[in-house]
Amino acid sequence: MGRFRGIVPAALAVVCAPVCAVEIDGRIDAAEWADAMHIADFRKVQPLTGEPGSLPTEAWVLATPDGLAVAFRNVQPADVPRTRQKVQRDFDEQVDRVNVFIDFDGDGRTGYAFTVSSSGGIADEIITNQNDFNSDWDGQWRHAVSEDEAGWSVELLIPWHTAPMRDGTGGERTLNVFLARVIGSTGERMAWPVASFERPRFLSDFAPITVPQYSQSLLAVTPYASGLYDNVRHGRDFNAGVDVFWKPSGRFQLAATVNPDFGQVESDDLVVNFSATETFISDKRPFFTENQGIFELTTPSDSSQQLYTRRVGSTGEIDAAVKFMGSLGRANYGVFAAEEDGPTGRSYQALRLVRDLATQNLGAMLTRVDDPFREREATVLGIDHNWRPTQRWNVRSRLLGSRVDVATDSVRDVGATLWADYEMDDGWRQQWIAMHFGNDFELNDFGYLSRNSTNYLHWELRRRFTDRPDDARYASTDWRWRVSTNHNNRGDKLNDQFRMSRQGQLRNGGTEYAQLNLNSAGINDLLLRGNGVVRLPANFSANYEYERPREGRWSPYYGGELFSGGLAGNDKLGWAGWGGATYFVSDAFRINTGLTVIRRPDWLIWQGRGNPGLVGAFDGRETRLRAGMDWTLDARQELRVKLQAIGIGARSTAAWRFDPAGNAIAAADPVDDFNVRNLGFQVRYRYELAPLSYLYVVYARGGFAREPGEDGVDDALLDSLSLRDDEQLMVKLSYRFEL
């Protein structure tokens, strides 16, 4: 293992196409690719052994005036099953596929991932923070697949206008690339160079290649029109607007939108959240996902980020938004601005600067939100530093300061994080994380932070085992052991924790994950929403989950969890179980279903602002149902049906108040049983008129109800199917014109 660490070849020259562009038809013509860089040294990176791949794979890379062209030849004999199922855009199914990852600036900050399956399905993602993937972005690029008895071939063309790029020198520029092939039936990934997103460093381990400094200009205008009929309120709504994308040169690009329509053609997952922590939801709106990577400034705290685009449009309709980005020498910049309409509308602005050095990156971002309705102005300055002193070390540090002005009052505070990864020999790794967020540090006007008032430390030791015999159940296993301590910024211990986990990659292409958490006694300072603290005893959780790719017509998953908590600690045990499967009627048509059942015997729920010091304890039962259908009618058409239903029944068992130290005191206050019903149902038809041009027809229905009484979780789940708070039919047409 150690001998493969940090093997990155020196920059290789890629000859440009001498006469004309490559024809992207999936058939690798020797004459077209004669001047390309040829790569045949594909090695196993999943499992991460660095050994030669089990099946012969070749790739060619060629710079053309139209973009970077890449071809793969994948030998796959008859005794290795081929996955032929059709997949929708941004699929995550375990199928035969190839990957092309490109860091256009070669600085390890932002990468673009392009994936093509053997059946012609595609996925594209943006990579930040070395190995964080976001599939919400959709780019415009070309691909084609062909198949024969000996194997299958892929050709791709990634246009130069895909991303802003800094100038090169001497008429050339250096890109960093990573090429990979995945065998769907086993999960084996072979790649060039030897790099892995399972390591703390991924983007920085790509291979540099030198290409001619081609540049493309592009002006794309995408008008849209949508109509909506509300069958509950019997109202109609019509909207029209336009998105503009302009890239006059490699150094600069601009995106703007006027009266954008953010109707839910992509439905969010249902969430019923009784906690004091906000649920993070990713953004699927095209304007906010287009080349958003430069604005990424995150911390190790779960999903935290200085600029969280779901904030924009949350308090009012968006009149207009604009962002532009570019480069000046070795520095990149980005500017973002958006205006909401209406009396509660806000103004959002962000300025981002990034400077790349040989072994480190330094960046800064300033964000501002003006909220006249609440007489509130929030400003955050963040500084991020990524340092790679050697091939073994990866160190990431963040320093943020916030200032919130409300009327005549002003509050300031800071947050800081340090994240260091050290890769040793023989599969051993270590990780250290330190976080501090002040009591008054405020990120959530424009960003996302699950909680402030935090002082957190952890040390983690990891070991990856890849030397498994060929007949073993596992191709590799990855063990992790972690100890952590977490206090708020007032000196109270939230908890200490020991965590042990194991992730296994199976020979059949499946994955397995198990985790054990042992938590010390501590306090909860969020449950009462600022009205005191709650002292909690020691508790634990243990879970297991398994998933495997398609075999025959089935692809199953299942798992379970045993946990304790609440004021009962380890005296009462809760549990959860889940399972489901996808059934393939054909390669183009599949049905999926899943069921989750949860029992919480000592579920603590705050009773609201009318009773800020009161907490109810409940014996809670929850059932979640998921079902759906995906039908790829042809290369341009797809039909999706998605159903989610949640039923909760909670029986009151006690009422509690708390003294200043957080000790529980039995209360005589009445606390009612309750049940919750939640439904989300969507039928979506999508027709691709042209690249990034779509006709959507969407029917959606849903509702939420919380009522006193405990009718039972089964009744609550069944009753959720009759909810009809919303019922809408929407038609949306958008067409992208390239001028």
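Is Glu317 buried or exposed? Glu317 is exposed, with a relative accessible area of 63%; exposed means over 50%, buried under 20%, and partly exposed in between (1.4 Å probe, protein chains only). This is a predicted model, where local features need pLDDT of at least 70 and side-chain atom pairs count only at pLDDT 80 or more, while totals for chains, interfaces and linings use all residues. Residues are numbered from 1 along each chain as its sequence is written, and side-chain values use heavy atoms, with hydrogens and water left out.

**Surface charge**
- Glu317 sits in the loop between helix 1 (286-289) and strand 19 (318-328). Helices (H or I, at least four residues) and strands (E, at least two) are DSSP runs, numbered from the N terminus.
- A patch of negative charge on the surface brings together Asp237, Glu317, Asp319, Glu339 and Asp341. Patch residues have over 30% relative accessible area and no salt bridge; like charges are joined within 9 Å, and nonpolar side chains (Val, Leu, Ile, Met, Phe, Trp, Tyr) within 5 Å.

**A buried arginine**
- Arg181 belongs to strand 13 (residues 172-182).
- Arg181 is buried but has no salt bridge. Asp96 is the nearest side chain of opposite charge, 6.0 Å away.

**Salt bridges**
- The whole structure holds 51 salt bridges. Each is a side-chain nitrogen of Lys or Arg within 4 Å of a carboxyl oxygen of Asp or Glu.
- Asp478 and Arg429 pair at 2.7 Å, N to O. Asp478 is in strand 28 (residues 474-487) and Arg429 in strand 26 (residues 428-437), so this bridge ties together parts 49 residues apart in sequence. Both residues are buried.
- Arg482 and Glu460 pair at 2.9 Å, N to O. Arg482 is in strand 28 and Glu460 in strand 27 (residues 454-465), 22 residues apart. Arg482 is buried at 15% relative accessibility, and Glu460 is buried at 2%.
- Glu512 bridges to Arg502, with the closest N and O atoms 2.6 Å apart. Glu512 lies in strand 30 (residues 511-519) and Arg502 in strand 29 (residues 493-506), so the pair ties together parts 10 residues apart in sequence. Glu512 is buried at 5%, whereas Arg502 is partly exposed at 21%.

Notes:
Areas by Shrake-Rupley, 256 points an atom, 1.4 Å probe, with all protein chains shown as cover. Lys, Arg positive; Asp, Glu negative; His and termini not counted. Charge placed at Lys NZ, Arg CZ, Asp CG, Glu CD.
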